[in-house]
Amino acid sequence: MKICCIGAGYVGGPTMAMIAHKCPDIQVTVVDINAERIAAWNSQNLPIYELGLDELVFASRDKNLFFSTDVDKGITEADIVFISVNTPTKTYGTGAGKASDLKYIELCARKIAEVSTSDKIVVEKSTLPVRTAETVRTILDNCPSDVNFQVLSNPEFLAEGTAIEDLLDPDRVLIGGAETPEGQAAIQALFDVYARWVPKEKILTTNVWSSELSKLTANAFLAQRISSINAISALCEATEANVDEVAAAIGTDSRIGPKFLKSSIGFGGSCFQKDVLNLVYLCEHYGLTEVAEYWEQVIKMNDHQRQRFVKRIVSTLFNTVAGKKIAILGFAFKKDTNDTRESSAIYICRDLLEEQAEVHIYDPKVSKSQICADIGVPEDHPLVNVSNSAAEACDNAHALAVLTEWDEFKELDFQAIYESMLKPAFIFDGRNILDLEALREIGFTTHGVGRS
Ligand code: UDX
Ligand code: UDX
């Protein structure tokens, strides 16, 4: 059997590396139109930082795992073709700001139709609006040669930073397919791939539409939990309750559960905002106005949480940060990844620049060029500086703000940092990872999210 995956991104790369690792008899080829990215996958310096990924890739690469820009060849040779290209929020025309831009998916489907000379199972790995499989199917049906296609939905639930762990031991694998005998046979073929390492009872099969909608729903529920606890954090700050204590207290209720109740500067990442907006757009499309408004509030709360954090910095620093040096610790959207897509840090830095603050940013895995591109400033912008260490960023700063929960920030020499900062020295812990009590003893003025 041969598998091809179109899209060598955060999802396609690790997922295919795991399949290749677990199925040495299957030839797995990951193709991408981005030659630079493919070159990086073929080098010692992989384009994605993910714990355990290097070992996995280096062990299978050029044996049964290949990275290539030859998209046509990859598709032609494969029995199963995964589509794992990006589906960003549309920035133009109908649905701008909400709907998913499906142009890359359509391009992939057209390419598969154009070059295929044998029957194939086409698997949607990218998160898509419900009924996208229909579009893919219609395009494939216009294939010039006499080839049979089955379209499956197999959404990815891995979280970045723990991708390898999540792929190795997933809560579930979801496969949606047609209810026809051919559809069921296609489901079985993909089921058999995952069954090499995932217990059979964890592999769920549904119809295509349920599978597509389940992915959007899972991300919407997860995002909603974060917005819910963040809403409560605002109330905690007003009432001297402590959001971590509230989260711990409600999380012990088995119906609520302890996970995803960490109050923060708001969720980031490539998925939550895009998928919730996508859900909102779908509801609007079907005339479900109230349902759309209900889910849209999750995004509004997230925007509010980011803005609230900056307002708190400004008001604490005597209502102005103009010309003041603010150290920003962490820029990635979460720890253990170099991904900055939709990171709250981007919005917080932009708002601080709007207030004319001088930001000095340090992140252990994100490059200066990435940081400046995300904020939308040239690399020589006078107010944006990228430091090589946390200590360097904090030197002579009026305040420091933790925006990503990197473990190394818990181990910093805060006594030395305090001595190097201007006084009063302020700490804003946007991730609630620091021992604020201990920091106050050193002399800092401290603020967490939903706690003081
Ligand atoms: C993306 C989506 O964001 C997510 O919703 C979906 O579940 C999986 O795909 P990710 O892997 O993180 O997630 O995206 P990204 O890292 O941007 O990778 C996509 C890759 O597809 C890029 O390397 C891009 O060059 C490639 N691509 C895009 C193609 O090869 N062909 C195209 O036509 C378009
Ligand atoms: C998410 C989903 O978890 C995953 O199943 C899906 O396939 C893709 O989207 P990811 O975006 O990689 O994964 O990371 P996740 O761990 O979900 O974190 C998303 C954001 O929420 C991060 O910015 C994180 O810091 C934030 N978060 C998470 C909180 O603010 N509080 C929490 O309690 C949990």
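Which helix gives the largest share of the lining of the second largest pocket? Point 4 has the reply; here is a walk through the model in order.

1. **Ground rules.** This is a predicted model, where local features need pLDDT of at least 70 and side-chain atom pairs count only at pLDDT 80 or more, while totals for chains, interfaces and linings use all residues. Residues are numbered from 1 along each chain as its sequence is written, chains are lettered from A and ligands numbered from 1 in the order in which they are written, and side-chain values use heavy atoms, with hydrogens and water left out.

2. **The overall fold.** The protein chain has 17 helices and 14 strands (DSSP runs numbered from the N terminus: H or I of at least four residues for helices, E of at least two for strands). Its radius of gyration is 24 Å, close to the 22 Å that the globule rule gives for 452 residues, so the chain is as compact as a globular protein of that length. That radius is taken over C-alpha atoms, and the rule is 2.2 Å times the number of residues to the power 0.38. Along the principal axes, the C-alpha trace spans about 75 × 50 × 45 Å.

3. **Ligand 1.** Here 19 residues surround the ligand, and the closest are Val-11, Asp-32, Arg-37, Lys-274 and Arg-341 (a residue is near if one of its heavy atoms lies within 4 Å). By class, this shell holds six nonpolar, eight polar and five charged residues. The classes work like this: Ala, Val, Leu, Ile, Met, Phe, Trp, Tyr, Cys and Pro are nonpolar, Asp, Glu, Lys and Arg are charged, and the others, Gly among them, are polar. For polar contacts (pairs of N or O atoms within 3.5 Å; within protein, one must be able to donate a hydrogen and the other to accept it, and residues adjacent in sequence count only if both atoms are side-chain atoms), look at Arg-37: an N or O atom of its side chain is 2.7 Å from an oxygen atom of ligand 1. Polar backbone atoms take part too, with Val-85 at 3.2 Å from a ligand oxygen and Ser-84 at 3.5 Å. Taken alone, ligand 1 exposes 690 Å², and the protein buries 92% of that (Shrake-Rupley areas with a 1.4 Å probe; for residues, only the protein chains shown count as cover).

4. **The second largest pocket.** Back to the opening question: helix H2 (residues 35-41) gives the largest share of this lining, three residues. The pocket holds about 380 Å³ of space. Of its 14 lining residues, the closest to the centre are Tyr-10, Arg-37, Pro-47, Asn-338 and Gln-370. The lining divides into four nonpolar, five polar and five charged residues. As for terms, on a 1 Å grid over the protein atoms alone, a pocket is an open set of points with protein on both sides within 12 Å along at least five of seven lines, a cavity is a set where a 1.4 Å probe fits but cannot get out, and lining residues have an atom within 4 Å of a point. Points are joined across faces, edges and corners, and a volume is the space filled by probe spheres set on them.

5. **Ligand 2.** This one has 20 residues around it, the closest being Phe-157, Glu-160, Ser-264, Lys-334 and Arg-431. Helix H9 (residues 208-239) gives the most to the shell, with four residues. The shell has 11 nonpolar, three polar and six charged residues. Oxygen atoms of ligand 2 lie 2.7 Å from a polar backbone atom of Glu-160, 3.0 Å from one of Leu-158 and 3.5 Å from a side-chain N or O atom of Lys-215. Taken alone, ligand 2 exposes 660 Å², of which the protein buries 90%.

6. **Cavities.** The whole structure has three cavities of 30 Å³ or more. The largest has a volume of about 60 Å³, and Ser-264 and Glu-237 are among the residues that line it. Helix H12 (residues 289-316) gives the most to that lining, with four residues. The second largest cavity comes to about 40 Å³, and its lining includes Lys-215 and Glu-212.

7. **Backbone details.** The peptide bond from Lys-423 to Pro-424 is cis, with omega near -5 degrees. Pro-424 sits in the loop between helix H16 (414-420) and strand S13 (426-429). Asn-319, a residue other than glycine, has a positive phi near 65 degrees, and is found in the loop between H12 and strand S9 (325-329).
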